[in-house]
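Let's take a walk through this structure together. Have a look at it, and then we'll go through it piece by piece.

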Amino acid sequence: MGSFAKSRSMFYGGCEDLYNTHQPHFLDSCFLCNKPLKPNKDIFMYRGNTPFCSDDCRQEQIDIDEAKERPWKLRATLRKAENPAKSGSKKAVIGRG
């Protein structure tokens, strides 16, 4: 066996270990409190693929996300107020002729 074949088989053997270990599924536990999500119970989803055990946990995460976004939105609003568009600078001129 050449050195390429040996390194290839060693690489493959190393990767196989990754497949044999348990990889948690994103629906295994609540994103916020890590409580296990049980089969045949409601799962409260947020932003596509984020699971929560209850509406309360989901709402708490929504509140956290909104609090993080507020300063960014406030800065964007302040920048717009500081740099208002100049009225009249983009007026079309119709020529006579």
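One term comes up again and again: a residue is buried when its relative accessible area is under 20%, exposed when over 50%, and partly exposed in between, using a 1.4 Å probe and protein chains only. What you see is a predicted model, where local features need pLDDT of at least 70, side-chain atom pairs count only at pLDDT 80 or more, and totals for chains, interfaces and linings use all residues. Residues are numbered from 1 along each chain as its sequence is written, and side-chain values use heavy atoms, with hydrogens and water left out.

Let's begin with the overall layout. The protein chain has two helices and two strands, and going along the sequence they follow the pattern α-β-β-α. Here helices (H or I, at least four residues) and strands (E, at least two) are DSSP runs, numbered from the N terminus. Of the 97 residues in the protein chain, 11% are buried. The chain exposes about 9,000 Å², with carbon and sulfur atoms supplying 56% of that; such areas come from the Shrake-Rupley method with a 1.4 Å probe, and for residues only the protein chains shown count as cover. Take the contacts (heavy atoms within 4.5 Å) between residues at least 6 apart in sequence: 16% of them join residues at least 24 apart.

Now for the rings. A pair of aromatic rings is described by the distance of the centres and the angle of the planes. Rings of Phe, Tyr and Trp (its six-membered ring) pair if their centres lie within 6.5 Å; planes under 30 degrees apart are stacked, over 60 edge-to-face, and the rest tilted. The whole structure has two such pairs. Phe31 and Phe52 sit edge-to-face, 6.0 Å centre to centre with 80 degrees between the planes. This pair links distant parts of the chain, since Phe31 is in the loop between α1 and β1 while Phe52 is in strand β2 (residues 50-52), 21 residues apart. The other pair, Tyr46 and Phe52, is tilted, because the centres are 6.4 Å apart and the planes are at 55 degrees. Together, Phe31, Tyr46 and Phe52 form one aromatic cluster. How well covered is Phe52? Phe52 is buried, because its relative accessible area is 0%. Tyr46 is buried too.

Strand β2 also holds Thr50, which counts as buried because its relative accessibility is 15%. Leaving aside residues up to four places away in sequence, Thr50 touches Phe31, Phe44 and Met45.

What about the cysteines? The structure has zero disulfides, a disulfide being a pair of cysteine sulfur atoms within 2.5 Å. For Cys33, the closest cysteine sulfur is in Cys30, 3.6 Å away, so it is too far for a bond. Likewise, the sulfur of Cys57 is 3.8 Å from its closest cysteine sulfur, in Cys53, and therefore too far for a bond. Cys33 is partly exposed at 37% relative accessible area, whereas Cys57 is buried at 11%.

Back in the loop between α1 and β1, turn to Asn34 and Asn40. Most residues other than glycine have a negative phi. Asn34, however, has a positive phi of about 65 degrees, and the phi of Asn40 is positive as well, near 65 degrees. Asn34 counts as exposed at 55% relative accessibility, and Asn40 counts as exposed at 82%.
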